[in-house]
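Hi everyone, thanks for coming along this morning. I'd like to walk you through one model and stop at a handful of places in it.

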Amino acid sequence: MLTLVDWLVVLTYFVVVFLVAFGVSRRRETRESAAGYFLGNRNAGWFIVGASLFASNIGSEHLVGLAGTGAASGVAVAQFEILASLILLLLGWFFVPFYLRSGVYTMPEFLERRYSPAARWYLAVISIVGYVLTKISVTIFAGGIVFEALMGIDFWTGAVIVVVATGVYTVFGGMRAVLYTDMMQMFVMLAGAGLVTWFGLQAVGGWDVMAREAGADFLDLWKPATDPNFPWTGILLGAPILGVWYWCTDQFIVQRVLSARNVQEARRGAIFAGFLKLLPMFIFVIPGVIAYVLAARGELVLSSPDAALPTLVSTLLPEGVRGLVVAGLLAALMSSLSSVFNSCSTLVTWDVYRKLKPQAPERELVVVGQVATLVMVGFGLAWIPMMKLIS
């Protein structure tokens, strides 16, 4: 459980997030302009774009899942992260020029220009429904688990706290608030995860000891075609298809590069995000391998592989550091949630409301986006009990 020092660190994190978001939301263009609210006035630099791409992608369920898979089967799961770093280069060099020069706000809008209005309606509806049923609800669900497992707060209380806190600054600050809080949360996330790896390696006796006791198979990235989980055939021939869809065409991700001030800044942001995606193997997956080694020695008790990260946090880390790591988990959760809230409200406003009411003034579009965010929060909360029933 968290000590007073840990709680103070977590509280400080929340205060800083709200101060950053509040400062950004006071800008006039955020409240009055559609470009300001939905795309941060199309003025983001490469560092913010890259940080937001990374932070939006990494959720708390991502951290727990990567460490859990590392504890169960080794580092092969990191292939998806390495592959993402390459596909982000494809996003920057091939897709970005088309997106930015077309001046679109959303991927459905781009499809309409390329194909037909029917294509736009199809992708918009599928995306909105998918975000509510998967991204929003799963992220909220994971947040409730983090609160319950590491902070001793009831699941529903934790879920509501996260949703309300994230929803408030997303509603008022729009895309600019999402971008700047993502940048801050990237630092917190990397610091927290890096400390878990550091203290874990100290506990296990160093990298060489971990590698020897885990075995060569656990540290082998390239698996044979007969491997049930990560066959090289699936990684080489199947995973890139999924990766191109997610990193190059999903509104949730692409909206970050649409907010860049020009093609050059968007490309640099994609390169920076690609570099950051090389880090999860060392700071998210390796802690799972460390937990496996410690459990094999009998120095750690794992109820399941997915318990690897929470167990390391609760047993190995000193006070204060534990609070920073919990703040990192919350940063991962809130950055993903704020990004999907903003992307979903953009789809509702730009591809549904504006299509039905094309003459709507910009201020009205901003209000619709804010209302849509609140509705998405409600839908996400309402879907969680169904998730618990269907696992």
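Let's begin with leucine 258, which is found in helix H12, residues 251-258. When I say helix, I mean a DSSP run of H or I with at least four residues, numbered from the N terminus, while a strand is an E run of at least two. Before I go further, this is a predicted model, so local features need pLDDT of at least 70 and side-chain atom pairs count only at pLDDT 80 or more, while totals for chains, interfaces and linings use all residues. Residues are numbered from 1 along each chain as its sequence is written, and side-chain values use heavy atoms, with hydrogens and water left out.

Back to leucine 258: is it buried or exposed? Leucine 258 counts as buried, at 1% relative accessibility. Buried means under 20% relative accessible area, exposed means over 50%, and partly exposed is in between, with a 1.4 Å probe and protein chains only. Leaving aside neighbours within four places in sequence, leucine 258 is in contact with Leu39, Arg42, Tyr99, Leu100, Val104, Tyr105, Thr106 and Met107. Contact here means heavy atoms within 4.5 Å. Leucine 39 is 219 residues away from leucine 258 along the chain, yet their C-alpha atoms are separated by 6.8 Å.

What do we find in their backbones? Most residues other than glycine have a negative phi. Asparagine 41, although not a glycine, has a positive phi of about 65°, and arginine 42, not a glycine either, has a positive phi of about 50°. Asparagine 41 is partly exposed, with a relative accessible area of 34%, and arginine 42 counts as partly exposed at 23%.

Next, please look at where two helices pack. Helix H7, residues 107-114, and H16 pack at an angle of about 50°, with their axes 8 Å apart. The axes are lines fitted to C-alpha atoms, for helices over the stretch in contact, and angles run from 0 to 180 degrees between N-to-C directions. H7 and H16 are therefore oblique to each other; under 35 degrees counts as roughly parallel, over 145 as roughly antiparallel, 65 to 115 as roughly perpendicular, and the rest as oblique. Pro108, Glu109 and Glu112 in H7 meet Leu347, Trp350, Asp351 and Lys355 in H16. By class, the residues of this contact divide into 3 nonpolar, no polar and 4 charged. For the classes, Ala, Val, Leu, Ile, Met, Phe, Trp, Tyr, Cys and Pro count as nonpolar, Asp, Glu, Lys and Arg as charged, and the others, Gly among them, as polar.

Which residues does arginine 120 contact, leaving aside its neighbours within four places in sequence? They are Pro108, Glu109, Glu112, Trp350, Asp351 and Lys355. Arginine 120 lies in helix H8 and counts as buried, at 4% relative accessibility. Lysine 355, found in helix H16, counts as partly exposed at 30%. Not counting residues up to four places away in sequence, lysine 355 touches Glu112, Arg120, Trp121 and Trp350.

Staying with H16, serine 336 has its place there and is buried, with a relative accessible area of 5%. Its contacts beyond four places in sequence include Ala55, Asn57, Thr139 and Phe252.

Over in helix H8, residues 117-151, we have isoleucine 140, which is buried at 1%. Isoleucine 140 touches Ala159, Val163, Leu337, Gly380, Leu381 and Ile384, not counting residues up to four places away in sequence.

A cavity is a set of points, on a 1 Å grid over the protein atoms alone, where a 1.4 Å probe fits but cannot get out, and lining residues have an atom within 4 Å of a point. About 80 Å³ of space lies in the largest cavity, a volume being the space filled by probe spheres set on the points, with grid points joined across faces, edges and corners. Its lining includes Leu63, Met189, Phe284 and Leu329. H9 gives the most to that lining, with 4 residues. By class, the lining has 9 nonpolar, 2 polar and no charged residues.

That's my tour, and I'm happy to go back to any of these places.

Conventions. On a 1 Å grid over the protein atoms alone, a cavity is a set of points where a 1.4 Å probe fits but cannot get out, and a pocket is an open set with protein on both sides within 12 Å along at least five of seven lines; lining residues have an atom within 4 Å of a point.
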